[in-house]
Amino acid sequence: MASLSFLLFFFFLYHFSSFKELEAHKSSLGAIVNCNSRAGREEKVAMEMAIRDFYNAHPNYEQISLHVKNSHGDFRAASSSAKNLIKENKVKAIVGLGKWQEGALVASLSNISRVPLLSIANEVPIWSSSNPYFIHAARSQFAQLKAIADIIGTYQWRKVNIIYEDIESPLFSSMIPFLIFKLQGVDAEIGDVLPLPPFSSRKSVSEELRKLRNSQYKVFIVHTSLGLGIRVFGEAKKLGMVEKESVWITTTEISNHVDDLSRLSIASMNGVVGIKSYFSKNGKRFRDFRTRFKIMFHKKYHRESNLEPGIFALQAYDAVWSIALSLHGKESNLLTRILASNFEGLTGNFSFKEGQLDAANTFRLVNIVDKSYNELGFWTKGLGFSTHVHIGKSSNYSKSMEILGQVLWPGRPLSVPRGWEVSPTGKRLKIAVPTSNTHPEFVNVTNDEQGNPIFGGYSIDVFNATLRYLPYKFQYDFSPYSGTYDQMVEQVKLEKFDAVVADTAIVANRCAYAEFTQPYSDSGLEILVYKKPSRFNKAWLFLKPFTTSMWAATAAINVYNGFVVWLIERRNRPEFRGPIRNQMGTWLALSFTTLFSIPGERMNSNSSRIAMVVWLFLALVITQSFTASLTSFLTAQESDATDIDVDKLRLSGAKVGCDASSFVVKYLETVLKFKPENIVRIQSEDEYLQRLKNGNIAAAFLEVPYVKVFLAKYCDGFTTAKQSYKVGGFGFAFPKSSPYVPDISEAILKVSETGKLLELQKSLLAASNCTTSSNSDDGHDRLGINSFQGLFLISVGTTTFSLVLFIIRQRQRNRNHIFAEAQQQHDPREDEQHMFGPEMEFLNRNL
């Protein structure tokens, strides 16, 4: 019996030592998970399944023993577990460490001991790439930030608030700037940034959230761990922040856990849109894994109501499978074999590039509703939103999230939330209105009897009409401002004013200070010129070169000179004699044909020749002056004032005018290259009128709306050149990314489409009733008597001298004749023949 007992003892000792020897020769794999969390429990079950499935698929391979340590969510415990696994269990590799902080503590230990560490945390610090034994075995989720930006861009929310977990991590410090960069790509800006310490109590979280409660902007992006996220939404719900007009978006750090949230936690998140990691649920391998996972998970954790595997289980499964394959590889270096992994895992293709798996490019979008959530659809990097994941079919994607259908936002509004409140504190907007304006028809500020300012003008009327189309009540007060327009717009950036309502031109330098609404006026810069008006009938165009008095004087002198010449030459020219009617006709014909012929060679009297020479000189000067003046007038009629252009004005050194406080001053200097001394700053419309009419300025540069009003008031002789320049129209200025801008721009379009804007324009122009002045001059410098006064005096004097000389000679001749008659007795018929010989001869011929 004793010998039998000895034999049994020896048998057990032998088999026990053989078992220990077998265990020593087995490859060991270590795992560190937080079994206190749902994610850790999923990872543990998935790792055990991976070992079992691997050897079912490869029965001839050497068995691997899996040693799982529970970190309990304690980072130091994770480090201690790693030391124990390396020293006591002699593990070949370690997998797990779902938090980057755990991996950070264990990384140096794995590097020293040359044990590969596969972290399945979503993100790892940037410095991890310098540690060759630290391997990131989960896909980077960075692309989700672009998905969030595209959601913001779809609904055109202009400012967002960020709530994030303030941990000393290069990872988080790089994610926030990356998110800001992506938001800028959709014209959105960061409003408030709220960093929260990882272990913030509910009280401290509530105190911090109160800082955001009064913010005008109600779009919140929450990027925290699950525990802190639950506290954030719980307190936000109590503060009434998860209500209508608000928007809440969570990253994968929270959204990947929504299946496991308590009813109380998920109730505080109603209306939240979450970004979840994507994995395909359609493959046969996944369906088989899912069925077995649910059985094993329920067996181990029967209190869990949700048995579905999440992204954490799939990542853990693929990581362990990679190590199992590598432990049986041909390469002697395990690290090299792991990095050379290349197989189709549950999360997709599992292969490393530069020590990293391919980043996640597709995400699932969910909408938390009541006690669960709805799957809205998907977002894929470079393609956009879709209701299904369509591999290789870009036509089924959209850049707009609206393709996914109705989203139930916080408070369940029927429309998309504005994402901001008009005035969360009841504060009224302070709007600047300029007190000094060159064009008071657009903006004018006066005072009533009590000294209170009264604001009026076209721009004020347009603004008031616009407010009627806003979907909310706009509380504001106008405030006078006496500076320049540029300074006034800058005050918006300095937060001295909340907006500017005026005839403010939309130009680039002002856009650096504020954001402008849709223009409510025509855009452009035009050249206003003055051309003296012409009211002369074209049928009588030939009369235009001379004034009426000039024509009368010319006619009188011609008749007078003709009479004198006729009288002097009558005695010696038979054609100048005859009946009275014929003589008058000859006399008048002589008066005017002299202008076009030179009859000097037929003159018999020196007196008539003298008168004729001066008369012809006068006629030559008058004729040439008439021709030149008429030609000049015709040229002026043909040359249009609209032919004036900037080059002519600039090269000629002409003076040009513009509004004194306008951007046009700088535009003329820097863009159109006018010399500063040639730019006249105008203070009022009347000054434009006077300077243009007086020729002090050759042209005025005005914006189109001003030109229309000016021409409506002063249509007499003013016009615009053909050349014009494209500049922005008038708009209302608000702070950059102001939520009011899209709504007011849309309202301006409605004012225009309903015809109200046109009605206001007609009223503006009708108030400036232009009437043509009957006293204005005919637009051309006509020649008058003063231009020929000297020649007229010389001609009249010479002719009169010839006439006087002729009379004196005639009288002398008559005296001589009378004296001779007294000396001789002669027949009276001789006297008759002497005095009226030509007439009598004419009568005898005709009788």
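Let me start with Ser-386, which sits in strand 16, residues 384–386. Strands here are DSSP runs of E of at least two residues, helices are runs of H or I of at least four, and both are numbered from the N terminus. This is a predicted model, in which local features need pLDDT of at least 70, side-chain atom pairs count only at pLDDT 80 or more, and totals for chains, interfaces and linings use all residues. Residues are numbered from 1 along each chain as its sequence is written, and side-chain values use heavy atoms, with hydrogens and water left out.

Back to Ser-386. Is this residue buried or exposed? Ser-386 counts as buried, because its relative accessibility is 0%. The cut-offs are under 20% relative accessible area for buried, over 50% for exposed, and partly exposed in between, with a 1.4 Å probe and protein chains only. Leaving out residues up to four places away in sequence, Ser-386 touches Gly-377, Phe-378, Asn-396, Tyr-397, Ile-403 and Leu-404. A contact means heavy atoms within 4.5 Å. One of those partners, Asn-396, is 10 residues along the chain from Ser-386, and the two C-alpha atoms are separated by 6.5 Å.

Now the chain as a whole. The protein chain has 27 helices and 28 strands. It has 847 residues, and 48% of them count as buried. If we take contacts between residues at least 6 apart in sequence, 71% join residues at least 24 apart.

Next, some buried residues in loops. Ala-188 is in the loop between helix 6 (170–184) and strand 7 (189–196). Ala-188 has a relative accessible area of 2%, so it is buried. Its contacts, leaving aside neighbours within four places in sequence, are Ile-152, Trp-157, Arg-158 and Leu-183. Where does Lys-736 stand relative to Ala-188? The two are 548 residues apart in sequence, and their C-alpha atoms are 9.9 Å apart in space.

Ser-225 is in the loop between strand 8 (219–223) and helix 8 (226–238). The relative accessible area of Ser-225 is 19%, so this residue is buried. With residues up to four places away in sequence not counted, Ser-225 touches Glu-165 and Ile-254.

Val-124 lies in the loop between strand 4 (117–119) and strand 5 (134–136). At 10% relative accessibility, Val-124 also counts as buried. Its C-alpha atom and that of Ser-140, 16 residues away along the chain, are separated by 8.5 Å.

Two other loop residues are exposed. Lys-90, in the loop between helix 3 (75–87) and strand 3 (93–96), has a positive phi of about 50° although it is not a glycine. Lys-90 counts as exposed because its relative accessibility is 58%. Glu-495, in the loop between helix 15 (485–493) and strand 21 (499–505), also is not a glycine and has a positive phi of about 65°. Its relative accessibility is 70%, so Glu-495 counts as exposed.

On to helix packing. Helix 2 (residues 38–57) and helix 12 (residues 311–327) pack at an angle of about 40°, with their axes 7 Å apart. Axes are lines fitted to C-alpha atoms, for helices over the stretch in contact, and angles run from 0 to 180 degrees between N-to-C directions.

Then helix 25, residues 756–766. Which of its residues are buried? They are Leu-757, Leu-760 and Leu-764. Seen down the helix axis, these residues fall within an arc of 60°, so they line one face of helix 25. The arc is that of the directions from the helix axis to the C-beta atoms. On the face turned away from the buried side are the exposed residues Lys-762 and Ala-766. The cover over the buried residues of helix 25 includes helix 14 (458–467), helix 23 (704–713) and helix 24 (740–753).

Last, the cysteines. How many disulfides does a search of the whole structure find? It finds 0, a disulfide being a pair of cysteine sulfur atoms within 2.5 Å. Cys-35 is buried, because its relative accessible area is 16%, while Cys-511 counts as partly exposed at 30% relative accessibility.
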